[in-house]
Amino acid sequence: MGTVTLGVSIAVPEPYGSLLQERRASFGDPAAYGIPTHVTLLPPTEARAADLPAIETHLSQIATARPFPMRLSGTGTFRPLSPVVFVQVVEGASACSWLQKRVREASGPLVRELQFPYHPHVTVAHGIAEEAMDRAYEELSSYEAAWTCGSFALYEQGPDAVWRKINEFPFGGGGNAPAVPAQGGSSMDQPSLRT
(Lines give C-alpha, C1' and ligand atoms only; values in the text may rest on other atoms or scores of the structure.)
Protein backbone atom coordinates (compact mmCIF):
# COMPACT_ATOMS: atom_id res chain seq x y z
CA MET A 1 0.00 0.00 0.00
CA GLY A 2 2.93 2.37 0.41
CA THR A 3 3.09 5.56 2.45
CA VAL A 4 0.88 8.60 2.83
CA THR A 5 1.59 12.10 4.12
CA LEU A 6 -0.80 12.95 6.92
CA GLY A 7 -1.57 15.95 9.10
CA VAL A 8 -3.95 16.54 11.99
CA SER A 9 -5.44 19.96 12.56
CA ILE A 10 -8.29 22.06 13.89
CA ALA A 11 -10.05 23.77 10.99
CA VAL A 12 -10.83 27.47 11.26
CA PRO A 13 -14.60 27.48 10.53
CA GLU A 14 -16.59 29.70 8.19
CA PRO A 15 -16.69 32.57 7.61
CA TYR A 16 -13.20 32.97 9.11
CA GLY A 17 -11.52 30.12 7.23
CA SER A 18 -12.30 31.41 3.73
CA LEU A 19 -11.48 34.99 4.66
CA LEU A 20 -8.02 34.07 5.98
CA GLN A 21 -7.44 31.77 3.00
CA GLU A 22 -8.27 34.62 0.60
CA ARG A 23 -6.01 36.99 2.52
CA ARG A 24 -3.18 34.42 2.41
CA ALA A 25 -3.61 34.19 -1.38
CA SER A 26 -3.66 38.01 -1.65
CA PHE A 27 -0.22 38.14 -0.03
CA GLY A 28 1.09 35.91 -2.84
CA ASP A 29 1.36 32.63 -0.94
CA PRO A 30 1.02 29.90 -3.62
CA ALA A 31 -0.02 27.30 -1.02
CA ALA A 32 -3.08 29.30 0.13
CA TYR A 33 -5.75 27.25 -1.64
CA GLY A 34 -4.11 23.88 -1.09
CA ILE A 35 -4.03 24.08 2.69
CA PRO A 36 -7.15 24.40 4.84
CA THR A 37 -7.02 27.37 7.23
CA HIS A 38 -6.11 25.59 10.45
CA VAL A 39 -4.30 25.21 13.74
CA THR A 40 -1.83 22.32 13.41
CA LEU A 41 -1.92 19.43 15.87
CA LEU A 42 0.40 17.18 13.81
CA PRO A 43 2.61 18.64 11.07
CA PRO A 44 3.06 16.76 7.78
CA THR A 45 4.06 13.22 8.75
CA GLU A 46 4.72 10.15 6.62
CA ALA A 47 2.89 7.00 7.67
CA ARG A 48 2.24 3.60 6.20
CA ALA A 49 -1.13 3.51 4.44
CA ALA A 50 -1.77 0.18 6.17
CA ASP A 51 -1.65 2.02 9.53
CA LEU A 52 -4.60 4.31 8.70
CA PRO A 53 -7.19 2.21 10.61
CA ALA A 54 -5.01 2.28 13.76
CA ILE A 55 -4.41 6.02 13.32
CA GLU A 56 -8.14 6.71 13.01
CA THR A 57 -8.86 4.58 16.11
CA HIS A 58 -6.17 6.52 18.03
CA LEU A 59 -7.66 9.87 16.98
CA SER A 60 -11.19 8.71 17.89
CA GLN A 61 -9.99 7.97 21.41
CA ILE A 62 -8.54 11.49 21.71
CA ALA A 63 -11.84 13.00 20.53
CA THR A 64 -13.48 12.08 23.83
CA ALA A 65 -12.35 15.56 24.94
CA ARG A 66 -14.94 18.32 25.34
CA PRO A 67 -15.42 21.28 22.98
CA PHE A 68 -13.51 24.39 24.03
CA PRO A 69 -13.47 28.11 23.16
CA MET A 70 -11.00 29.27 20.52
CA ARG A 71 -10.11 32.90 19.90
CA LEU A 72 -7.71 34.41 17.39
CA SER A 73 -6.35 37.91 17.82
CA GLY A 74 -3.63 39.86 16.06
CA THR A 75 -0.50 38.63 14.32
CA GLY A 76 2.86 37.16 15.19
CA THR A 77 5.87 35.83 13.30
CA PHE A 78 8.53 33.15 13.61
CA ARG A 79 11.00 35.25 11.58
CA PRO A 80 13.97 35.13 11.36
CA LEU A 81 13.97 31.50 12.57
CA SER A 82 11.24 30.45 10.12
CA PRO A 83 9.63 32.51 7.30
CA VAL A 84 6.10 32.49 8.75
CA VAL A 85 3.55 35.16 9.68
CA PHE A 86 0.54 33.94 11.64
CA VAL A 87 -2.63 34.95 13.43
CA GLN A 88 -2.25 34.28 17.15
CA VAL A 89 -4.32 31.79 19.14
CA VAL A 90 -5.08 33.76 22.33
CA GLU A 91 -7.70 31.41 23.78
CA GLY A 92 -7.67 27.65 23.37
CA ALA A 93 -3.86 27.35 23.16
CA SER A 94 -3.56 25.11 26.22
CA ALA A 95 -6.24 22.76 24.83
CA CYS A 96 -4.40 22.66 21.48
CA SER A 97 -1.14 21.86 23.30
CA TRP A 98 -2.81 19.03 25.21
CA LEU A 99 -4.35 17.61 22.02
CA GLN A 100 -1.14 17.70 20.00
CA LYS A 101 0.71 15.84 22.78
CA ARG A 102 -1.98 13.16 22.75
CA VAL A 103 -1.84 12.86 18.94
CA ARG A 104 1.95 12.29 19.06
CA GLU A 105 2.11 10.25 22.29
CA ALA A 106 4.68 7.46 22.44
CA SER A 107 2.04 4.73 22.78
CA GLY A 108 0.22 5.78 19.59
CA PRO A 109 0.81 5.30 15.85
CA LEU A 110 1.82 8.94 15.15
CA VAL A 111 4.96 9.30 17.27
CA ARG A 112 6.90 12.29 16.01
CA GLU A 113 9.53 14.73 17.28
CA LEU A 114 8.86 18.36 16.42
CA GLN A 115 11.44 20.55 14.69
CA PHE A 116 10.42 23.52 16.88
CA PRO A 117 8.57 23.77 20.23
CA TYR A 118 4.80 23.58 19.73
CA HIS A 119 3.13 26.98 19.35
CA PRO A 120 -0.52 26.93 18.18
CA HIS A 121 -1.16 29.48 15.43
CA VAL A 122 -2.88 30.03 12.07
CA THR A 123 -0.38 30.59 9.25
CA VAL A 124 -1.29 33.46 6.90
CA ALA A 125 2.01 33.75 4.99
CA HIS A 126 4.84 31.26 4.55
CA GLY A 127 8.06 31.45 2.55
CA ILE A 128 7.11 34.48 0.45
CA ALA A 129 8.87 37.82 -0.16
CA GLU A 130 9.73 39.79 2.98
CA GLU A 131 7.63 42.77 1.83
CA ALA A 132 4.58 40.52 1.48
CA MET A 133 5.27 38.98 4.90
CA ASP A 134 5.43 42.49 6.39
CA ARG A 135 2.13 43.35 4.69
CA ALA A 136 0.45 40.22 6.11
CA TYR A 137 1.75 41.08 9.58
CA GLU A 138 0.44 44.65 9.37
CA GLU A 139 -2.86 44.12 7.57
CA LEU A 140 -4.05 41.35 9.91
CA SER A 141 -2.70 42.93 13.11
CA SER A 142 -6.22 43.78 14.31
CA TYR A 143 -7.82 40.52 13.12
CA GLU A 144 -10.23 38.86 15.59
CA ALA A 145 -12.26 35.63 15.42
CA ALA A 146 -13.86 33.37 18.03
CA TRP A 147 -15.79 30.10 17.99
CA THR A 148 -16.31 26.92 19.96
CA CYS A 149 -13.90 24.26 18.74
CA GLY A 150 -15.96 21.09 18.36
CA SER A 151 -13.65 18.80 16.40
CA PHE A 152 -10.32 18.16 14.73
CA ALA A 153 -9.58 16.29 11.50
CA LEU A 154 -7.12 13.98 9.78
CA TYR A 155 -5.88 15.20 6.39
CA GLU A 156 -3.87 13.61 3.59
CA GLN A 157 -1.66 15.52 1.18
CA GLY A 158 -2.29 14.47 -2.41
CA PRO A 159 0.28 14.33 -5.22
CA ASP A 160 -1.07 17.75 -6.30
CA ALA A 161 0.08 19.16 -2.88
CA VAL A 162 -3.55 19.78 -1.85
CA TRP A 163 -4.54 18.67 1.66
CA ARG A 164 -7.85 16.78 1.78
CA LYS A 165 -9.83 15.71 4.79
CA ILE A 166 -9.92 11.95 5.39
CA ASN A 167 -11.99 11.98 8.57
CA GLU A 168 -13.33 14.42 11.14
CA PHE A 169 -13.38 13.64 14.85
CA PRO A 170 -16.10 15.54 16.77
CA PHE A 171 -15.40 16.01 20.46
CA GLY A 172 -17.47 13.96 22.85
CA GLY A 173 -18.98 11.99 19.97
CA GLY A 174 -21.22 14.93 18.99
CA GLY A 175 -21.92 16.05 15.45
CA ASN A 176 -21.65 19.82 15.89
CA ALA A 177 -18.41 20.41 13.98
CA PRO A 178 -18.31 23.78 12.20
CA ALA A 179 -18.30 23.99 8.40
CA VAL A 180 -14.89 23.87 6.73
CA PRO A 181 -14.09 25.73 3.48
CA ALA A 182 -13.35 23.71 0.35
CA GLN A 183 -9.71 23.33 -0.67
CA GLY A 184 -8.19 23.31 -4.12
CA GLY A 185 -11.49 24.34 -5.66
CA SER A 186 -13.21 21.12 -4.62
CA SER A 187 -15.33 19.76 -1.83
CA MET A 188 -13.57 18.87 1.42
CA ASP A 189 -15.58 15.67 1.49
CA GLN A 190 -14.28 14.29 -1.78
CA PRO A 191 -12.68 10.86 -1.49
CA SER A 192 -9.08 10.58 -0.37
CA LEU A 193 -6.39 9.95 -2.96
CA ARG A 194 -4.99 6.99 -1.04
CA THR A 195 -4.75 3.72 -2.94
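Cysteine 149 is buried, with a relative accessible area of 1%, where buried denotes under 20% relative accessible area, exposed over 50% and partly exposed the range in between (1.4 Å probe, protein chains only). Cysteine 96 is likewise buried, at a relative accessible area of 0%. The model is predicted, so that local features need pLDDT of at least 70 and side-chain atom pairs count only at pLDDT 80 or more, while totals for chains, interfaces and linings use all residues. Residues are numbered from 1 along each chain as its sequence is written, and side-chain values use heavy atoms, with hydrogens and water left out.

A disulfide is a covalent bond between the sulfur atoms of two cysteines. Under the criterion of a pair of cysteine sulfur atoms within 2.5 Å, the count is zero. The cysteine sulfur nearest to that of cysteine 96 belongs to cysteine 149 and is 6.5 Å away.

The largest pocket has a volume of about 1000 Å³. A pocket is an open set of points on a 1 Å grid over the protein atoms alone, where a 1.4 Å probe fits, with protein on both sides within 12 Å along at least five of seven lines; lining residues have an atom within 4 Å of a point. Volume is the space filled by probe spheres set on the points, which are joined across faces, edges and corners. Of the 34 lining residues, Thr40, Pro43, Pro44, His121 and Thr123 are the closest to the centre of the largest pocket. Strand E2 (38-48) is one of the strands that each supply at least two residues of this lining, and E2 gives the most, with six residues.

Definitions and conventions:
Helices (H or I, at least four residues) and strands (E, at least two) are DSSP runs, numbered from the N terminus.
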